[in-house]
Amino acid sequence: MGRHFGPTCEPVRARSQLRRAPAGLRAPARGWAPAIFFFASLLCAFCAGWIEPAAAQSAGANANSNAAVQSGKMFVEADQLVYDKDKNTVSAVGHARIYYEGRVLEADRVTYDRNTGRVYAEGHGKMTERDGTVLYGERFDLTKDLANGFIESLRASTAQSTFFSAPRTEVAGGNTEVYNKGTYTACAVCADNPLKPPLWRVRAKRIIHNRDEKMIYYTDAWLEFVGVPVAWVPFFSSPDPSVTRKSGVLSPIYLDVTYAGAGVAVPIFWAMAPNYDLTFTPTYFFNEGFFGTLEWRHRLATGDYFIRASGIFQEQPGLFPPEPYDAGDRTFRGSLESAGAFKINDFWKYGWDFTLLTDRWFLNDYAVANQSVSSNYYSEAISTAYLTGQGDNGYFDLRGYHFEGLTANDLEQQQPNALPVLDYNKMFNIDPAKTGGVGGNVTLDFNLTNLSEEAAAYQAVGPQEFDKAYNLYNVCTTYTPGTTASNCLLRGIGGDYSRATVDVSWQRKFIDPIGEIWTPFAFARVNGQWLDLNSTNSYTFSSAAGTSTIGNAAQSNYISSGANAYTMPGVGMEYRYPILANTPIGSMVIEPIGQVIARPNNLLGSESLVNMDAQSLVFDTTNLFTWDKYSGYDQFETGTRANYGGEATLTFKNGSYVNFIAGQSVQVAGTNSYATPDAANVGLSSGLDTPWSDYVAGFTLVPGPILSFGAQGRFDQATLEPRRVDVDSNINLGAWTGSVQFADYQAQPVIGYPVTREGLNLSSKYQLDANYFVQGNVTFDMSRQYYPEDLIGYTYPGPFAIAALGAEAGYHNDCTTFTVSYTSDYVDNGTGQFVHDQTLMVQLQLRTLGDTTFKQTSNNNAPLDGIP
């Protein structure tokens, strides 16, 4: 219960006349008289407007605090109220709590001195600020509005779990604390040993925390780790822990790259508005001079985008290897990048992601981070712009692509521009009642692709043929007319190519009374192509070692300019019969599968002019029962084909399971398209180019949450010799996780793989405890042991040649992240020579203070055995 007082500091009278207690007499908080008198005295002393006392330990402390903020009144709670007439003081004793304008002061005893207008809090003193900061101290000496004063032996904790301490602290204006001989850290106190120093802290002669500016200023400051001083600065500042973005100078980044040498980058950040900012990062490399990066980020109501420009006028360009191994004597080098994504509405969005470069070695040479590259070692930059729409039963995607190779083996004129590429998909559910019982669903697919390349790309069948000048580019241009497979493959055209394809399909699933599933289907493809070859361009490479030329004229041995169209209809039936069996150890499902697809023996119309988007063909269980096993639109199956196999799954009662699937594909009648070579020999050596295909099988074992194992294989149909094997296994033992991946593919000389491809990847992570971890990975290129010994610079590496290696160790807790990582990558340029890329990175992040990075890279773009 309580009473409120008016601005005249006169209490509202109770029924009985209020009486003052004798001087020095403690008045227990019982009845109205002592309580009202105490609060009247307190009100008159503070003269802070409306004050409303509350009964001791009243429920709703939070409500009192909120009301104090809203009304400007002061609320007080206490077990007992004491008025000392001689000293002219008023005290709240026992669980004293005062609420005023969003602040809460708590202590065993709170005393107001009417003579000085000061408030003193002693015994378990605690003051909670409006922003959630909690100040603990042995003694508080404050003004009557709690906004100014001093605190002895202070410890402060912010809402963001950061901590201050000082033997004496000054509070000024209710928004600033001045910590004399203070400390600051984001590390929590060790619960088992509170006296143990935190992992890190800043100890300064003076620390000023200005909550209005949201800044912390340090004077004469030492950075300590586990109590040991390691770095001193006369003055620095950092954003308030509540700040997520604030203008200022960011932590430096230390770099050491192969040719440019050591460097230091100091990012400068401008938070120009809540939704956009600018970062300028000047970097100085000791070998090459000033390197600048400018990045603009902007968030709008429907999306966001960024633009980043980097560049340098090199002081010593001659330090870089000559072209085509690097940029040579190029003076200005740089990049322009941008990416954005915006929603038009709930169904449509558009965006872009592009990278423009002065030269393909720039990103690697200067260790520039990039979002558009397709690998960690910047082997290819892909630029695109797109418009997409997604509905319940439809999908639309319109985009364009530009590809830029970033290795010494790439010839930019062989990189395609794809504009436009349009994909549209729509599925229609057919009501049987309205279609004479037909029912099912119809799917419409449409693709339009336009490609343009300046130079044709060739690849040798069998041992590769490289240019004599630099031993980098595949210059195979020999063609043997009339052979099943020519000596060279045409991987890319020089010229312009356009194609439009429409696929329409129907299917419906029927389940008979005994559970058999019958799915009839029908489809038709209509394909139109136009090809305009450039037969005049040629590219010559010359050095002291020799001269070689790549010419577009040789394309005419494979294909011709023109236009054509074809149609390919087909019908088929798929049969499945899942048989369920319950066993003592779990449930088993065995499902035989059969499929027959009938098509014309040949394409109805002209043969496909060229194969650009269906050159990847991997036959395994994932496409065993697809109607067309090609990966793109430029090729299509012909003739009648049957696919058969079966799948079995055993699910144990504990949730673990084992699955096995296997099958074969048979060319029943008509032309086997996989045995008919195109300009890239796609289909040959695929396992589908014989009347009875190779067998394919897949096996998955998940015995529990700690282990998973999967394998895919293709096996010779006559001898069961493995021709393609993929194995993947993962283990999770809590603190330790790991994975193993193994692949072994037989040589396929006819499609450009003259030796066995074999590799092994091992990766693992071990969490030593809640804070420390180590992890690593290694990839073995086991193919190198099969390379011909007459390759230039080749030496036998043994069965376990390291292709990539990575290791990382780190520490992480509530306030600190520290990692050390190393990566090493050997890139095969196709000739038995290797480019070695290495990166060493050390990162230290102190929460709320910032982070710093040291990065050392070694990108030897020239082959390891030297430049020819």
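Leu768 is partly exposed, with a relative accessible area of 47%; that label covers the range between buried, under 20% relative accessible area, and exposed, over 50% (1.4 Å probe, protein chains only). You can find Leu768 in the loop between strand E44 (757-767) and strand E45 (772-781). Strands (E, at least two residues) and helices (H or I, at least four) are DSSP runs, numbered from the N terminus. Before we go on, please keep in mind that this is a predicted model, where local features need pLDDT of at least 70, side-chain atom pairs count only at pLDDT 80 or more, and totals for chains, interfaces and linings use all residues. Residues are numbered from 1 along each chain as its sequence is written, and side-chain values use heavy atoms, with hydrogens and water left out.

Together with Ile706, Leu707, Leu733, Trp736, Tyr766, Tyr772 and Val774, Leu768 forms a nonpolar patch with about 700 Å² of accessible area in total. Patches are made of residues with over 30% relative accessible area and no salt bridge, where like charges are joined within 9 Å and nonpolar side chains (Val, Leu, Ile, Met, Phe, Trp, Tyr) within 5 Å. The areas themselves come from the Shrake-Rupley method with a 1.4 Å probe, and for residues only the protein chains shown count as cover.

Now let us turn to the cysteines. How many disulfides does a search of the whole structure find? There are 2 of them, a disulfide being a pair of cysteine sulfur atoms within 2.5 Å. One joins Cys187 to Cys815, with an S to S distance of 2.0 Å. This pair links distant parts of the chain, 628 residues apart: Cys187 is in the loop between strand E10 (176-185) and strand E11 (200-210), while Cys815 is in the loop between strand E46 (802-812) and strand E47 (816-828). The torsion about the S-S bond of Cys187 and Cys815 is about 85°, so this disulfide is right-handed. Are these two cysteines buried or exposed? Cys187 is buried because its relative accessible area is 5%, and Cys815 is buried because its value is 2%.

Cys476 and Cys488 form a disulfide as well, with their sulfur atoms 1.7 Å apart. Here Cys476 is in the loop between strand E27 (457-460) and strand E28 (488-492), Cys488 is in strand E28, and the two are 12 residues apart. The torsion about the S-S bond of Cys476 and Cys488 is about -80°, so this disulfide is left-handed. Both Cys476 and Cys488 are buried. If you count the bonded cysteines along the chain, the disulfides follow the pattern 1-4, 2-3. Another cysteine to look at is Cys190, which counts as partly exposed because its relative accessibility is 28%.

Next, follow the chain to Glu224 in strand E12 (residues 215-225). Glu224 counts as buried because its relative accessibility is 5%. The side chains of Glu224 and Arg203 are joined by a polar contact of 2.9 Å. A polar contact is a pair of N or O atoms within 3.5 Å; within protein, one must be able to donate a hydrogen and the other to accept it, and residues adjacent in sequence count only if both atoms are side-chain atoms. Leaving aside residues up to four places away in sequence, Glu224 touches Leu199, Trp200, Arg201, Arg203 and Pro229, where contact means heavy atoms within 4.5 Å.

The structure holds 34 salt bridges, each a side-chain nitrogen of Lys or Arg within 4 Å of a carboxyl oxygen of Asp or Glu. In one of them, the closest N and O atoms of Asp634 and Arg499 are 2.7 Å apart. The pair links distant parts of the chain, with Asp634 in the loop between strand E37 (604-605) and strand E38 (640-652) and Arg499 in strand E29 (residues 495-507), 135 residues apart. Asp634 counts as buried because its relative accessibility is 1%, and Arg499 counts as buried because its value is 2%.

Finally, look at Asp694. Arg714 forms a salt bridge with Asp694, the closest N and O atoms being 2.6 Å apart. Arg714 lies in strand E41 (residues 707-715) and Asp694 in the loop between strand E39 (657-669) and strand E40 (695-704), so the pair ties together parts that are 20 residues apart in sequence. Arg723 also forms a salt bridge with Asp694, at 3.3 Å between the closest N and O atoms.
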